[in-house]
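This report covers selected local features of one protein model. Please keep the structure open while reading.

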Amino acid sequence: MLRIAIVDDEVLIREGLARMISKESSTFVVAGIYPDGKHLLDALPSLHIDVVITDIRMPQIDGLELIRQLKANHPGIRSLLMSGFVEFNYAREAIRSSAVDYLLKPINKEQLFEVLYSLEKEQKLLREKEECQRTGLLHSLLHIEDPSAVLLSGLTLPQSYFTVYALKGSSREKVCGIADSLRQEKAFVLDTLEVQKGLRAWICYSPLPLTPEESRQIGEIIGVASKDQRLHAGASRSYDDPGKFRTAYLEAKLACDAGIYNPLPLHYVTIRELQTPVQAAGDPFPPFREPLIHELQILNVAGVLEVLHKLFSVLELQQAYPDLILRTCRQVEDTARKELQEFEAVYRKDCSQRLEEQIEACMAFAEIEELFTSSFLVALNEIRKHRLEMSGTAIETVKRWVAAHYNQHADLNMLAGMVFLTPSYLSKLFKQETGLTLTDYVIEIRIRKAKQLLRNAPDLKVHEIGTEVGYPDPAYFNKLFKKVVGVTPNEYKRISLV
């Protein structure tokens, strides 16, 4: 699109030229017509144009002076000079002043449109190059809180102010189509960035900060263009400092993210309109930590589901943003990793995408809860199934180790790791399978071995037998042996030798 301003002190000429250009192509847009150079220069702060077609002789500021000022202060605007005078001096001055061409009145249509089409093509290539360089820098600025002066010096914005929009929808084509609608209907200069799958950022440029009315109109265009498609959109404040780009993006994303609590297909809100959600004092997870640990230790999948649902109900009541939801999900995962040794491998296998990306793609809070709980419970069910299959084998493995290493310290954590169970679960399972605690079972094996040595190794002293079976303290060995057997080791030895 080529935006054109026409400057001529003769009203019939400027209006006739405007009609002729507008009829030629929809890509030629006459942005304004002015009686002299001063009126155009006064309008430029709020005007975005690519080409000025100007007469030479006009009151106040003539064509040559207008071209000089445009070259000095607005070098991106190209100029076409037209006049009824054929003197070479005017043409020479026009070329020196960087006019693209010199047109004689009456204007030759073919010559005019040949120049305009050439300028349009040139402008398109230039814009594509500038946009590519600019969007590359903007993408970097998304992730930099305090950008350097060197980085910012390489960034030139098309207009004085920018407003960032964050849009999330299931259809990338739909979001791109809405951007095209804004360019056409509102003639906005717009850059688009794909932040991640399903999430895009628009940078809307304007000569002045967007007014509430302009923001409302943009919302209406987004609504019409999106039709019944589910779409979340949020808008930042307007800024004139490129160093505030990340701030603007985070504002827009904050407004966009609030859409997960909006049941309507279209969610559109500016950061100024956004109602601050009710945030709980502190971290919502701690009250649920112990109940979750209890259910994880006994692998009660239904109990875990109940705890998670209560936790997500609190998050929904707070209207928590995705970053807090994600942080809470990470706390749940970390708790499971500490309580279930198998969790890491099983959960990584079941989660094909990073959790951040999955949550960012969700369009409703209920989707986030379903996404997390379903994948989490799949992992728990797999662990539970495996443990049920391995429970008998696990206890037999522990019993064989104790029988072979009865004189060594039976560390619960080490034994649990050996059979891929948590210590608490191994303790419960061992008692269930044998009727004894693991400690009592070790004592039983050691005392049995001590009785065997007392009977069959008469040359060994009692304290040596105690050390052999894992009790180097003679007093403790005597006390424990009498408690279990009913007599002291020496008494048992004498009885056995009779």
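Q319 counts as partly exposed, at 35% relative accessibility. Here buried means under 20% relative accessible area, exposed over 50%, and partly exposed in between (1.4 Å probe, protein chains only). Q319 sits in the loop between α11 (301-318) and α12. Its phi is positive, about 55°, although Q319 is not a glycine.

Q60 also has a positive phi, near 65°, in a residue other than glycine. Q60 is placed in the loop between β3 and α3 (63-73). Q60 is exposed, with a relative accessible area of 58%.

## Basis of the model

The model is predicted: local features need pLDDT of at least 70, side-chain atom pairs count only at pLDDT 80 or more, and totals for chains, interfaces and linings use all residues. Residues are numbered from 1 along each chain as its sequence is written, and side-chain values use heavy atoms, with hydrogens and water left out.

## Overall make-up

The protein chain has 21 helices and ten strands. Helices (H or I, at least four residues) and strands (E, at least two) are DSSP runs, numbered from the N terminus. Of its 498 residues, 46% count as buried.

Contact means heavy atoms within 4.5 Å. Among contacts between residues at least 6 apart in sequence, 69% join residues at least 24 apart.

## A buried threonine

T54 lies in strand β3 (residues 51-55). T54 is buried, with a relative accessible area of 0%. Leaving aside neighbours within four places in sequence, T54 contacts V7, G63, L66, I67, L80, L81 and M82.

## Helix packing: α10 with α12

Helix α10 (residues 286-297) packs on helix α12 (residues 322-339) at about 40°, with the axes 10 Å apart. Axes are lines fitted to C-alpha atoms, for helices over the stretch in contact, and angles run from 0 to 180 degrees between N-to-C directions. The two helices are therefore oblique to each other. Angles under 35 degrees count as roughly parallel, over 145 as roughly antiparallel, 65 to 115 as roughly perpendicular and the rest as oblique.

From α10, R289, L292, I293, L296 and Q297 meet V332, T335, A336 and E339 of α12. By class, this contact has five nonpolar, two polar and two charged residues. Ala, Val, Leu, Ile, Met, Phe, Trp, Tyr, Cys and Pro count as nonpolar, Asp, Glu, Lys and Arg as charged, and the others, Gly among them, as polar.

## Helix packing: α18 with α20

Helix α18 (residues 438-456) and helix α20 (residues 474-485) pack at about 95°, axes 11 Å apart. That makes α18 roughly perpendicular to α20. I443, I447, A450, K451 and L454 in α18 meet F477, L480, F481, V484 and V485 in α20. The contact has nine nonpolar, no polar and one charged residues.

## Aromatic pairs

The structure holds 17 aromatic pairs. Rings of Phe, Tyr and Trp (its six-membered ring) pair if their centres lie within 6.5 Å; planes under 30 degrees apart count as stacked, over 60 as edge-to-face and the rest as tilted. The rings of F28 and Y117 have centres 5.0 Å apart and planes at 50°, so this pair is tilted. F28 lies in strand β2 (residues 28-34) and Y117 in helix α5 (residues 109-141), so the pair ties together parts 89 residues apart in sequence. F28 is buried, at 3% relative accessible area. Y117 is partly exposed, at 34%.

One aromatic cluster is formed by Y261, F312, F343, Y347, F365, F372 and F376.
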